[in-house]
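Dear colleague,

I am handing over the structure we spoke of, and below it you will find some notes on what was found. Please read them with the model open beside you.

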Amino acid sequence: MTNRESDSGSEPVRCRSDLGRRVALRREQLGLTREEVAARAAASSGFLQYVEESAAEPGIGFMLRLASALDTTVAELVGGTTELPAGFGKAAAHPEFLVLGPAECRARLSTHGVGRVAVTVDDAPAVFPVNYTVAGELIAYRTAPGAGPAAAAGHEVALEVDHLDDAFSQGWSVLVVGRAHVVTDSHEARRLEEQAHTAPWVGDGRHEWIAIHPTRITGRRIRVMGAHAPSRATP
């Protein structure tokens, strides 16, 4: 398998596939290098780079080894579960339920991600997904004035972030409770903009920052003993 090159002898033309994006993302989530994953999958790091950066179509043998190396399934890597809700895997035979301490909860919140904020809208409970950012003690997200997530301002709210690993039927969930407010200080808003890793997935027009001051952070984890553990810290 080779890369297509232009007649002028320029750099190879790369067409990154959905598979390549998913493989690279999963590898980065696990904190593994290409060399480490390639060694687990009994392949060369050069071929793994080709898979990540080009429109590759590897054979099923390699895909099975790669899925095992990345602690996931072939269906996950090829996007076969994209439209399915998380948690469709079967329960493990001997799961272990753990309570997470505050430090462990903050480690899993990391710096950013997608969570769900619970608010009251028109006297009824509502839950909205938001792209959140961790900035010191604050957890903040952007929304549009008057939009559902903006209803958190001035109230005590709950924000939940979780991760499910369907391949091993394990995962974790962190709940943040605290009072929320609209960020009106321009310097604070600029600081949040600088620390944000991504714009809201839903699109433009969401420039109002809502910040939560946590008063309680709790978490829990379901762990399956015997599941393969990557060499670096994972969710």
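Threonine 133 is found in strand β3 (residues 124-135), where strands (E, at least two residues) and helices (H or I, at least four) are DSSP runs numbered from the N terminus. This is a predicted model, in which local features need pLDDT of at least 70 and side-chain atom pairs count only at pLDDT 80 or more, while totals for chains, interfaces and linings use all residues. Residues are numbered from 1 along each chain as its sequence is written, and side-chain values use heavy atoms, with hydrogens and water left out.

Threonine 133 has a relative accessible area of 3% and is therefore buried (under 20%, with exposed over 50% and partly exposed in between, for a 1.4 Å probe and protein chains only). Leaving aside residues up to four places away in sequence, Threonine 133 touches Thr111, His112, Leu138, Ile139, Ala140, Gln195, Ala196 and Trp209, a contact being heavy atoms within 4.5 Å.

Turning to the helices, the buried residues of α1 are Leu19, Gly20, Val23, Ala24, Arg26, Arg27 and Leu30. Seen down the axis of α1, these buried residues fall within an arc of 165°, so they line one face of the helix, the arc being that of the directions from the helix axis to the C-beta atoms. They pack against α2, α3, α4, α5 (74-77) and β5 (156-165), and just after α1, glycine 31 takes a positive phi of about 70°.

In helix α3 (residues 45-53), the buried residues are Leu48, Tyr50, Val51 and Glu52, and they pack against α1 (18-30), α2 (34-40) and α4 (60-69).
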